[in-house]
Amino acid sequence: MIEVKNLRKVFDNGFEALKSVNFEIEKGDLVCLLGPSGCGKTTILNLIAGLLDPTDGDILFNGETVVDKHPKDRDIGFVFQNYALYPHMTVLENVMFPLRVGSKKIPKEEAEVIARKFMALTSIEELENKKPGTMSGGQQQRVAITRALVQNPNVLLLDEPLSNLDARLRLKIREEIRRLVKEVGITTIFVTHDQEEALSISDKIVLMDQGVIQQHDIPQNLYLEPKNLFVAKFIGNPVINIIPVEVKNGKIVADSFEFDRTNLVADRFKGEMPDGHYQIGIRPEDVLINSESPLFSVNTETVELIGRERILNFSLNELHAKSIVPIEEQIDEGDTISCSFNYSRMFIFDENGERVY
């Protein structure tokens, strides 16, 4: 288990990159640190690796603090964004390298046997005599991952390992990473800014913003039960529709519609909702069209085809909004659509962005 306790990092220029961060990772889990650039996710990874020292707080592996340990004594494997392979070495030599240096210094013949075993696991046996400069980005990334796995580390750290790959290859290799780390049983921390990547491979996600954890949860809960407005807006593609409203006299009122508070499901309330200004969050798939009890009607401005579905774009309260419908729904640009909301999947946030429903 990895425990991060009250972790804080202030750099020499005074920038506070992390503000008392706390989370735990169970043994064997694959956890993604997710968030926009500058949110603190790579700082956390570097602190766990020992490449940076914390300003305050503690990091424990299986109950033992590691903050005073040298990186080489933390039993970690690290896969960098730029692969960091030795250009003068073949693939086999690159993979064997961690086994032949430091405290391990395994005999060459034994190291070669271990290296080949892991190369078979990652399907790079045919590359053994190639050098990094002659390989594609995807091949180099497989070699970098194999070199990290061959050490049989207690913890595997991956810093945006797929960001230099094209979309199709990224999809393929992220599936391979999930399969590999689960097969080997290594506790893994994967840094990414790509929400689709995080949602697809994680056991848990730690979503960061401005050095603070916004939500630490299983992937589906970040989508279905966002803790606050930031989480709701960051997770989901297409992005969630956000509509300013006012609550007054038992009604929820916007420029283009209003509905009674009794439409809301009572057990979804997260707190008080007195009269005042709020923001509704409703995902495009929960904007229901051609409803028998429409809340409002709008003209479709553009229609996007995305495989099995259509995205309808329209203006609501002078804001850009979207609805997703099955591809069989024949709706064209300029068509008038009558819409309502799936109230059981609606979110309501107060003026501070905290969720109240």
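**Close-up views of the predicted model**

Figure 1. A17 lies within strand 2, which covers residues 16-25. In this predicted model, A17 has a relative accessible area of 3% and is therefore classed as buried, the limit being under 20%. Beyond the residues up to four places away in sequence, A17 touches K9, F11, C39, G40, T43 and G211.

**Figure 2. Overview of the protein chain.** Eight helices and 21 strands make up the secondary structure elements of the protein chain. Along the principal axes, the C-alpha atoms fill a box of roughly 75 × 45 × 35 Å. The protein chain has 357 residues, of which 49% count as buried. When contacts between residues at least 6 apart in sequence are considered, 66% of them join residues at least 24 apart.

**Figure 3. The largest nonpolar core and the contacts of F190.** The largest nonpolar core has 43 residues, and the members that touch the most others are V91, V95, I145, L156, I177 and F190. With neighbours within four places in sequence left aside, F190 is in contact with L30, V31, C32, L33, L158, P161, L162, I177, E197 and I201. Another core, of 31 residues, lies apart from the largest one and includes V287, I331, I337 and C339. In soluble globular proteins, nonpolar side chains tend to be buried together.

**Figure 4. Packing of helix 2 against helix 4.** Helix 2 (residues 91-100) and helix 4 (residues 137-149) have axes that come within 7 Å and cross at roughly 30 degrees. Helix 2 is therefore roughly parallel to helix 4, a term that applies to angles under 35 degrees. The crossing of helix 2 past helix 4 is right-handed. On the side of helix 2, the contact is made by V91, N94, V95 and P98, and on the side of helix 4 by V143, T146 and R147. Four of the residues in this contact of helix 2 with helix 4 are nonpolar, two are polar and one is charged.

**Figure 5. Packing of helix 2 against helix 3.** The axes of helix 2 and helix 3 (residues 108-121) are 9 Å apart, and the two helices pack at an angle of about 120 degrees. Helix 2 is therefore oblique to helix 3. The crossing of helix 2 past helix 3 is right-handed. From helix 2, the residues V91, L92, V95, M96, L99 and R100 meet K108, A111, E112, I114, A115, R116 and M119 of helix 3. The contact of helix 2 with helix 3 comprises nine nonpolar residues, no polar residues and four charged residues.

Figure 6. L51 is placed in the loop between helix 1 (41-49) and strand 4 (56-61). Its relative accessible area is 48%, so L51 is classed as partly exposed. Not counting residues up to four places away in sequence, L51 touches N46, P71 and F78. K72 is 21 residues from L51 in sequence, and the C-alpha atoms of the two residues are 10 Å apart.

**Figure 7. The cis peptide bond between N237 and P238.** N237 and P238 are joined by a cis peptide bond, for which omega is about 5 degrees. P238 is found in the loop between helix 8 (229-234) and strand 11 (241-248).

Figure 8. N6 is not a glycine, yet its phi is positive, at about 50 degrees. This residue, N6, belongs to strand 1 (residues 2-10). The relative accessible area of N6 is 44%, so N6 is partly exposed. Q210, also a residue other than glycine, has a positive phi near 50 degrees. The position of Q210 is in the loop between strand 9 (204-209) and strand 10 (212-217). The relative accessibility of Q210 is 56%, and Q210 therefore counts as exposed, the class for values over 50%.

Definitions and conventions: Residues are numbered from 1 along each chain as its sequence is written. This is a predicted model: local features need pLDDT of at least 70, side-chain atom pairs count only at pLDDT 80 or more; totals for chains, interfaces and linings use all residues. Side-chain values use heavy atoms; hydrogens and water are left out. A nonpolar core is a set of buried Ala, Val, Leu, Ile, Met, Phe, Trp, Tyr and Cys residues joined through side-chain atoms within 4.5 Å. Buried means under 20% relative accessible area, exposed over 50%, partly exposed in between (1.4 Å probe, protein chains only). Contact means heavy atoms within 4.5 Å. Axes are lines fitted to C-alpha atoms, for helices over the stretch in contact, and angles run from 0 to 180 degrees between N-to-C directions. Helices (H or I, at least four residues) and strands (E, at least two) are DSSP runs, numbered from the N terminus. Angles under 35 degrees count as roughly parallel, over 145 as roughly antiparallel, 65 to 115 as roughly perpendicular and the rest as oblique. A crossing is left-handed if the near helix is turned anticlockwise from the far one by less than a right angle, and right-handed if clockwise. Ala, Val, Leu, Ile, Met, Phe, Trp, Tyr, Cys and Pro count as nonpolar, Asp, Glu, Lys and Arg as charged, and the others, Gly among them, as polar.
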